[in-house]
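Hi there,

Here is the structure I promised to pass on to you.

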Amino acid sequence: MAQQSSGMEFLCREYLKNNYIDPETSERLGVKRGLRNPDGTGVLAGLTNICDVVGYEKGPAGEVIPTPGRLIYRGVDLNELVREAYEHDRFIFEEVSWLLLFGSLPQKSELEQFQQIIAEHHNLPEHFIEDVLLRSPSPNIMNKMARSVLSLYSYDEHPEDLSLENLMEQSINLIAGLPTIMVNAYQLKRRVYDKQSMFFHPPTPGQSTAEHILSTYRADQKFTHEEAKLLDLCLLVHADHGGGNNSAFTCRVLSSSGTDTYSAIAAAIGSLKGPKHGGANLKVMEQLEYLKAGVEDYRDEDEVREFLRRIIRKQAGDGSGLIYGMGHAIYTISDPRAVVLRQKAEKLAVEKGFEDEFRLLCLVEKLGPQVFAEEKGNKTVCANVDLYSGLIYKMLGISQDLYTPLFAISRIPGWCAHRIEEVVFANRIIRPAYKYLGVRQKYKTLEERG
């Protein structure tokens with residue numbers, strides 16, 4: 001092992017000796033790092049009918065003017081969908097999946113048929129659990145989900161068919177089947193890596209996606225209607241976030257090459273796994289523990305403010321200088337997803353004994369922008385969706401192993417919608433340019449190199 005480590009150190013030294021790119025070179029050459037404009041806005045890279053993310057306006061001189069955030073699915077504001085779900089007490093994730101895929105709200109008969117189709121497809125292909133899941137458990141559920149999606153290729157009679165009909169069938173199979181894969185992969189992780197009992201519950205006919213997840217996740221299969229509604233809300237707010245978000249763009253890049261659906265969706269899962277994207281809610285919960293340990297009075301604003309200041313100064317937390325759950329690439333004044341989750345989570349937090357943690361996160365949302373402005377300048381920042389989603393999953397008794405996988409389950413309809421749009425309408429491979437900075441050198445024979 002020591003010899004292997006020494007070998008890797010040698011290779012790393014050799015790499016660092018010959019490779020370096022000065023960040024200032026990007027500024028000098030006008031390179032849009034992260035595909036961002038100098039004012040932080042995204043570079044326009046494509047067109048979409050699927051989703052709009054609004055967090056600012058452009059002034060007369062092109063300046064960014066912060067505005068309250070809006071998330072719009074196919075022309076329908078997120079808040080309208082939330083209102084419908086709660087005023088009429090309906091599970092709405094399936095309806096939003098239809099909306100994202102097809103571009104219009106379904107008729108009652110269409111929705112009922114679609115819900116039935118989704119519920120029927122919660123079952124996985126024959127022998128899939130035995131051949132794919134049981135034979136190769138993983139300590140990380142996101143990795144297992146990506147591998148499972150790639151394995152679904154082998155169970156598809158027409159995996160390379162890019163016709164609209166086939167793309168739609170593959171999308172439905174993924175939207176309905178991934179929740180089952182996620183829960184079963186978690187059960188195997190419990191047995192193999194956590195040395196705990198595992199249990200496999202078959203899908204219950206007629207359940208919504210949120211009910212299906214809770215029913216198959218919990219040993220006793222019991223859950224309250226309010227719990228399922230809150231999980232359904234999480235699925236709703238995460239369902240899509242525009243074609244420019246990292247995982248959707250990843251899906252579109254792969255789709256533009258003409259590759260198969262399973263390769264494109266597996267790549268999107270890999271993108272979402274990163275802590276700068278879907279894995280951020282785990283960092284928020286880690287940060288919450290630092291706050292609970294470092295703050296005596298959770299309701300004392302001065303004490304919480306000072307601890308946040310220490311986090312930014314890298315004197316507390318994980319040393320990154322980041323207040324996790326704060327800030328977004330587009331949203332400035334508010335993230336509508338965070339607003340919705342905060343409003344709907346409060347009741348359950350009080351009922352389940354998580355009120356102190358909930359109030360502490362509310363203070364982070366209130367005080368974080370103030371501290372950031374004082375320490376980092378006048379950039380407007382707000383709480384993002386990750387600030388509250390992790391606590392909601394914790395209140396639902398869901399393991400941290402599934403926080404990011406649940407994000408992926410939510411995002412499947414959006415990814416599939418973007419893939420179909422890219423394949424059917426864009427029809428051109430995505431190929432941005434990179435400026436070569438290396439120096440020319442002549443080839444030397446092995447003897448000449450010494």
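This is a predicted model: local features need pLDDT of at least 70, side-chain atom pairs count only at pLDDT 80 or more; totals for chains, interfaces and linings use all residues.

**The annotated residues**

UniProt, in an unreviewed entry, lists His328 and Asp386 under "active site". The two are spread over 59 residues of sequence, yet they cluster in space, with a largest C-alpha distance of 10.4 Å.

Let me take His328 to begin with. You will find His328 in the loop that runs between helix H14 (301-312) and helix H15 (336-351). Its relative accessible area is 26%, so His328 is classed as partly exposed, the range for that class lying between 20% and 50%. If you set aside the neighbours within four places in sequence, His328 is in contact with His241 and Arg337. There is also a local detail that may interest you: a polar atom of the His328 side chain lies 2.9 Å from the backbone nitrogen of Ile330.

Asp386 belongs to helix H17, which covers residues 386-395. Is Asp386 buried or exposed? Its relative accessibility is 9%, and because the limit for buried is under 20%, Asp386 counts as buried. Not counting residues up to four places away in sequence, Asp386 touches His277, Ala280, Asn281, Val284 and Phe407.

Ile21, Leu29, Val31 and Leu437 together make a nonpolar surface patch of about 350 Å².

**Tyr443**

Tyr443 also lies in the segment after H18. With a relative accessible area of 69%, Tyr443 is exposed, since that class begins over 50%. Which residues does Tyr443 touch, not counting those up to four places away in sequence? They are Glu448 and Arg449. With Arg449 there is a polar contact as well, made side chain to side chain at 3.0 Å.

That is what I have for now. If you set up your own look at the model, the annotated pair His328 and Asp386 and the patch made by Ile21, Leu29, Val31 and Leu437 are the places these notes cover, along with Tyr443 and its polar contact to Arg449.

Best wishes

Methods. Residues are numbered from 1 along each chain as its sequence is written. Side-chain values use heavy atoms; hydrogens and water are left out. UniProt positions are given in the numbering used here, feature names are shortened, and annotations may be inferred rather than shown by experiment. Helices (H or I, at least four residues) and strands (E, at least two) are DSSP runs, numbered from the N terminus. Buried means under 20% relative accessible area, exposed over 50%, partly exposed in between (1.4 Å probe, protein chains only). Contact means heavy atoms within 4.5 Å. A polar contact is a pair of N or O atoms within 3.5 Å; within protein, one must be able to donate a hydrogen and the other to accept it, and residues adjacent in sequence count only if both atoms are side-chain atoms. Patches are made of residues with over 30% relative accessible area and no salt bridge: like charges are joined within 9 Å, nonpolar side chains (Val, Leu, Ile, Met, Phe, Trp, Tyr) within 5 Å. Accessible areas come from the Shrake-Rupley method with a 1.4 Å probe; for residues, only the protein chains shown count as cover. A salt bridge is a side-chain nitrogen of Lys or Arg within 4 Å of a carboxyl oxygen of Asp or Glu.
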